[in-house]
Amino acid sequence: MRKILVAGAGHGGLSAAYELSKAGYDVTVVEAKQREELGYDWDDCLWMPSFKNAGIVLDDERYVHPYFNISYVNPNKSTKIVIPGEPRKTLLMCDRKYLLSVLIDRCEKVGTKFIFGCKINKVIADISGVKGISTEQGDMFGDMVIDAAGIDSPVRSTLPSRAGIIRDIPQCDTFYTFRAYYENTDGFSMDPAQAIYFYHCYRPGMDWVIADEGFIDILVGSFSPLTQELIDEAVNDFRAEYPSMGKLIRGGTVQKIPLSKTISKFVWNGYAGIGDCCSMIDPLSGSGITRCIDAGIILAKTVIGAKNQPLSQEVLWDYQRTYMRYNSGVLSDNILRVMLSSLNGKQMDYFFEKKVLTAKELGSKSAAGYGAKEILDKVTALVPQVKLIPAFASAGKKLLNISKVQKLMPSRFDSSDFDKWQKEYNKL
C-alpha cells in the first residue's frame, strides 16, 4: 500500500487526502496548527457544482449564505460600476472554519490520519526526488508528498534546485489582506450588497464593503505589507461612509495570499504542490478554494491511475497539465490584474470616469467581443493618458498569445518541450 504524506491541512490537500484514502491509500496529513486553530475567521465564495461533484455536503445554514451582487468603485468614489445580474444560486458564501471541519471529518471517516500541532521544517529529498518531510516530531517518509502548506510552504521553499520549482512566491505576486466583521447597528444594506474599491484611500490594492442586515464585512487589501496605520486609515474612511459600522464582531487579522497565475511547475519526482503554495487562485479576487477542491480530485485520479508506476514528474505531469488546461481563464485575469496594478489612483479615476473600464471588463467572463466603434471609443479615451498606451498594447499582445501558449504545453513531460513552453508561459 502506497504511503502519502500531505503537508498542511489546506483545502486542496484535504480534497486529495479524502479521494486517496477512499481508494485504499495510507494517507497522513501533517499540520502545524492545532485542529481548533485552523481556518481564517471569515467567509469565502464557493462554486457549488464543484462541491457537489466532490460529494461535499455543506448543509448547516448557520455557516452558509447566499452570494452577493457586486459593484466597483474608483478611488475618489465618483463612479460606481454595477455588475448586472441576480445572485447566482451556484455561488455561496461559506465560513472557512466550518468548511475545514467538514473536510477533515469526511477524511477521518475514510481512514485519513492526522497529526496536528506538528511543525514541518523542510523537505527530505535526494537527487532522485522527494522522500518525505522533516518535522519537529522527527522525519517522516512516504511514496509521495502533497504540498498543501500555503504560500510560505517550508516544503516547496526547501526543494532542491534540480526540481525546477520556484522556492518563493515573488513579492509582486503577494497580496496582504485585513478582514473584519463589524456590527451593523441600524440594519443598513446596499444594493448591490458588495462594493469593491480600487485604490481605496489611493493605496495600491483593493478593498471592499459587504453590508448585510446582521454585519458589515470589511476587507483591506494591499500589494505591499499592511501597517496598522494603513488599516486604520481605510477602516476610518469606511466608518465615515457607513456610519452604522459598530464594534468588531470577529476577524481582524492580516493574512497574505498569492495573487498571480499558477506557477509554471508544481510537480517533481514524489512531489505535487496544491493550493496557495503554487498560486491556485483567481488573480482578480484572490478566491481559490473551489480551484483547490477540483485540483485535489485531479491529483488523486492521477495518482490512482499510476497504479504501480513510480510517482515521477512524468507521471504527475498529467495532474499539472489537466489542472492548468481546466483553469486557463486565470491567464487573462492575471494579465488584467497586472495592468490594473500598474496604474496609480488618479489614472484609475480617469479610467472609470471615461469608461475605459466598464462592467464588460470587470464583470462576466462570457462578455461578447468588442465591436469596432467600442474599440475606437476606448482608444480615443486613452489618448490623454498616452504614457499608458504601451502598457495596454503589451497587455493586448499577451492576451492574443494565450491560445498559442496553451497549445505549446506538452501533453507528456519532456524536458526540452517543457522548457520551450515554460519560457512562453512566463512571458504572459
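How many salt bridges does the count come to? The count comes to 16, and keep in mind that this is a predicted model.

**Salt bridges**

- Side chains of opposite charge can pair when their charged atoms come close.
- Take K22 and E19: their side chains meet in a salt bridge at 3.6 Å, N to O. Both sit in helix 1 (residues 11–22), and because they are three residues apart there, about one helical turn separates them. E19 is buried, with a relative accessible area of 16%.
- R250 and D41 also meet through their side chains, at 3.0 Å from N to O. R250 belongs to strand 17 (residues 245–258), while D41 is in the loop between strand 2 (26–30) and strand 3, so this pair ties together parts that are 209 residues apart in sequence.
- D173 and R337 form another salt bridge, at 3.2 Å from N to O. D173 lies in the loop between strand 12 (144–147) and strand 13 (174–184) and R337 is in helix 7 (residues 329–341), so the pair links parts that are 164 residues apart in sequence.
- Here D173 is buried, with a relative accessible area of 16%, and R337 counts as buried at 7%.
- There's also a network: D41, D43, D95 and R250 are joined into one by salt bridges that share partners.

- Three strands make an open sheet, in the order 3-7-4, with antiparallel pairing. Strand 3 (43–47) and strand 4 (64–66) are the edges, each pairing on one side only.
- From one strand to the next, the twist averages 35 degrees.
- Strand 3 and strand 7 (residues 91–95) run antiparallel and are joined by five bridges. If you want a spot to look at, C45 stands opposite M93 in strand 7.
- Helix 3 (residues 96–109) lies across strand 3, strand 4 and strand 7, and runs at about 90 degrees to strand 7.

- Strands of a sheet pair through backbone hydrogen bonds, either parallel or antiparallel.
- A second open sheet to look at has six strands in the order 8-2-1-12-19-18, and its pairing is mixed.
- Which strands are at the edges? They are strand 8 (113–115) and strand 18 (267–268), each of which pairs on one side only.
- Two bridges join strand 18 to strand 19 (residues 271–273), and these two run antiparallel. W268 stands opposite Y271 in strand 19.

- In soluble globular proteins, nonpolar side chains tend to be buried together.
- The largest nonpolar core here has 119 residues, and L58, L299 and Y319 have the most contacts inside it. Helix 5 (residues 289–306) gives the most to this core, with 10 residues.
- What does L299 touch, leaving out residues up to four places away in sequence? Its contacts are A16, M144, I146, A272, I274, L316 and Y319.
- A second, separate core has 20 residues, including A195, Y197, I231 and A234.

Terms used: Residues numbered from 1 in each chain as written. Predicted model: local features only at pLDDT ≥ 70, side-chain atom pairs only at ≥ 80, totals over all residues. Heavy atoms only, no water. Pairing = 2+ DSSP bridges. Helix = DSSP H or I, 4+ residues; strand = E, 2+ residues; numbered from the N terminus. Axes fitted to C-alpha atoms, helices over the stretch in contact; angles between N-to-C directions. Contact = heavy atoms within 4.5 Å. Core = buried A, V, L, I, M, F, W, Y, C linked by side-chain atoms within 4.5 Å. Buried < 20%, exposed > 50% of the residue type's maximum accessible area, 1.4 Å probe, protein only. Salt bridge = Lys/Arg side-chain N within 4 Å of Asp/Glu carboxyl O.
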